[in-house]
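I opened a new page in my notebook for this chain and set down what I looked up, entry by entry. The sequence and the structure come before my notes.

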Amino acid sequence: MPNVLLVANTAWYLYNFRLPLIRYLQQQGFHVELVAPNDHYRSLLEAEGLTVHPWAVNRRSIDPRVESEALLDLIRIYRQVQPDLVHHFTIKACLYGTLAAKAAGIHHVLNAITGLGHVFLGERRRSRALRWVLKPIYRTIFTARRSVVVFQNAADQELLVSMGLIDLRKTLVIRGSGVDTRHFHPDHFPALTRTIPQMLFPSRLIREKGVRELLQAVQLLQKWGHQFELKIAGELDTGNRSALTAKELQQLQNSPGIACLGHVEDIRPILAAADIVVLPSYREGLSKALIEAAAMEKAIVTTDVPGCRDVVDHGRTGLLVPVKDTDSLARSLELLLLNPDLTERFGRAARAKVLQEFDADLVNARTVAQYRHMLSWKTSPSLPISA
């Protein structure tokens, strides 16, 4: 029974994004253990019968002393568990995990790039400086002989290859974590009679999700005389440098026509009640929120950026707008508000696309095939299975 260790910088990520993969791995005969910092979701994972090794990492820190301690703690865990394969999610886990694997003599490393974040995409002086400092480290980690790198979309893959940080031959694209289309099914929820249209923004409250632009678009729609309600299902991510300020959150909560729901444990009833799902994100790895919305037959308005346009076919399953373009966002929402038949048609096509491309069983089978390919080599794998 191969022993696999899944590693992330939050237990929240493993619970919300990788629990179907974990269950699938167990069904396929793998022994799975997890590594993540202590948070509320650790107890939920342990309630699933899983072993969670607490990792002393701070995802916001860049303090050399704190980071050294995080690396040493991960080395300790790897030496203790001695897994056959480690699967890292998020950049910090990929960086430290690859180093820890080498120190612990672990030869099979799968590094999953779930999104590029500030270091790769930010234009502030601090981000550019960090990028310059970290580039040689990234190059060393991502070209390591023991490592295969998985991307959620081809645009992120192409960017890192163009920056010289990665060998294209040692990469592959697996499109997100998939969605359980049996669980996310519109037939589970009765049709509702609504007096006004419902829109839903299903995401954390950080600037890169387009919260400011959405608020401005809502104000435009109200100015044009449209009646609707916008529900915001997401909490303030205080661990993220781009989290809304207390003042911005207060403005959002006090805005007419907007209901802030906070974190929603089961998003399906909220999705079922919505007519339109909107996410004006600046960039995604691959938006699971949009895939879940599509699985529930919801028309989507989102931005024409990597990780969003991979989910939505413009004019067939939803509408794509330029990033940070408030007017285009408002006009696209207006089009769907005025044309409920078009909204329903988009929703039906959206679910059909999910069934064909994003069903969790398809995605997880691809991941397990890569595991088996890597484990078939006595030491480090040569190339990913897709090569």
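**Entry 1**

I looked up H53 and found its place in strand β3, where a strand is a DSSP run of E with at least two residues, a helix is a run of H or I with at least four residues, and both are numbered from the N terminus. I note that this is a predicted model, in which local features need pLDDT of at least 70, side-chain atom pairs count only at pLDDT 80 or more, and totals for chains, interfaces and linings use all residues. Residues are numbered from 1 along each chain as its sequence is written, and side-chain values use heavy atoms, with hydrogens and water left out.

Is H53 buried or exposed? H53 counts as buried because its relative accessibility is 12%, given that buried means under 20% relative accessible area, exposed over 50%, and partly exposed in between, with a 1.4 Å probe and protein chains only.

I then listed the contacts of H53 (heavy atoms within 4.5 Å): leaving aside neighbours within four places in sequence, H53 touches L5, E33, L34, V35, A36, I77, Q80 and V81. The side chains of H53 and E33 are joined by a polar contact of 2.5 Å, a term for a pair of N or O atoms within 3.5 Å where, within protein, one must be able to donate a hydrogen and the other to accept it, and where residues adjacent in sequence count only if both atoms are side-chain atoms.

**Entry 2: the sheet**

I traced an open sheet of seven strands, in the order β3-β2-β1-β4-β5-β6-β7, with parallel pairing; two strands pair if DSSP finds at least two bridges between them. Strands β3 (51–54) and β7 (171–173) are at the edges with a single partner strand each, so one side of each has no neighbour in the sheet. From one strand to the next, the twist averages 20 degrees.

Strand β1 (residues 3–7) runs parallel to β4 (residues 85–89) and is joined to β4 by four bridges, and V4 stands opposite L85 in β4.

**Entry 3: the cores**

I looked for nonpolar cores, meaning sets of buried Ala, Val, Leu, Ile, Met, Phe, Trp, Tyr and Cys residues joined through side-chain atoms within 4.5 Å. The largest has 56 residues, and F201, L230, V301 and L333 have the most contacts inside it. Helix α9 (residues 211–223) gives the largest share of this core, six residues. A second, separate core has 33 residues, including L74, I77, A104 and I113.

Technical notes: Axes fitted to C-alpha atoms, helices over the stretch in contact; angles between N-to-C directions.
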